[in-house]
Amino acid sequence: MSKEYQGRPPVNLRREMADEDNRQDVEVAISVKGASVGGYAYHHIDEDGVPICNAGGPDAEFKIVDIGVAKQKWKSPCQMCERIIRQR
Ligand SMILES: [Zn+2]
């Protein structure tokens, strides 16, 4: 994926990125607090259920949901997590 944004991507692009994410039955983390850093995104989680990009720092609260649920809430893939996964 060539699109990378610092900060919040425009809503139409977020939709597009979510549409490109075809994974099913994957659990992701979404921010409980919403508008704080990364609130528009869903994050990939490690075995402990922690976002692999360390979004929000150690005090951030996340809820683990199915990826389909995250998309219904108009979340889009976290660009930092995507980058980390691509580098694996
Ligand atoms: Zn992330």
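The paragraphs below go through the elements, the sheet, the core and a few single residues of this predicted model.

The protein contains three helices and four strands. Read from the N terminus, these elements follow one another as α-β-β-β-α-β-α. Of its 88 residues, 23% are counted as buried.

The four strands make up an open sheet with mixed pairing, and their order across it is S3-S1-S2-S4. Strand S3 (62–66) and strand S4 (76–77) each have a single partner strand and stand at the edges, so one side of each lacks a neighbour in the sheet.

The pairings can be taken one by one across this order. S3 runs antiparallel to strand S1, residues 27–31, and five bridges join the two. Within this pairing, isoleucine 30 has lysine 63 in S3 as its bridge partner. S1 also pairs with S2, again in the antiparallel sense, over three bridges. Here valine 28 is bridged to histidine 44 of S2. The pairing of S2 with S4 is parallel and rests on two bridges. In that pairing, serine 76 of S4 is the bridge partner of alanine 41.

In soluble globular proteins, nonpolar side chains tend to be buried together. The largest nonpolar core of this model consists of 11 residues: Val28, Ala29, Ile30, Ala41, Tyr42, Ala55, Phe62, Ile67, Ala70, Cys78 and Cys81. At least two residues of this core come from each of S1, strand S2 (41–44) and helix H2 (67–72). S1 gives the largest share, with three residues.

Valine 28 shows how one residue of the core is placed among others. With neighbours within four places in sequence left aside, valine 28 is in contact with Tyr42, His43, His44, Ile45, Val65, Ile67 and Ala70. Among these, His44 is also the bridge partner of valine 28 in S2, while Tyr42, Ile67 and Ala70 are listed with valine 28 in the largest nonpolar core.

Other residues lie at exposed positions. Glutamine 72 belongs to helix H2, the helix that supplies at least two residues of the core. Glutamine 72 itself counts as exposed, because 11 C-beta neighbours lie inside 10 Å and the limit for an exposed residue is 12 or fewer.

One is aspartate 25, with phi near 50 degrees. Aspartate 25 sits in the loop between helix H1 (11–20) and S1, and is exposed because 7 other C-beta atoms lie within 10 Å. The other is tryptophan 74, whose phi is near 65 degrees. The loop that holds tryptophan 74 lies between H2 and S4. Tryptophan 74 has 11 other C-beta atoms within 10 Å and is therefore exposed as well.

Technical notes
Residues numbered from 1 in each chain as written. Predicted model: local features only at pLDDT ≥ 70, side-chain atom pairs only at ≥ 80, totals over all residues. Pairing = 2+ DSSP bridges. Core = buried A, V, L, I, M, F, W, Y, C linked by C-beta atoms within 7 Å. Buried ≥ 20, exposed ≤ 12 C-beta atoms within 10 Å, placed from the backbone. Contact = placed C-beta atoms within 7 Å.
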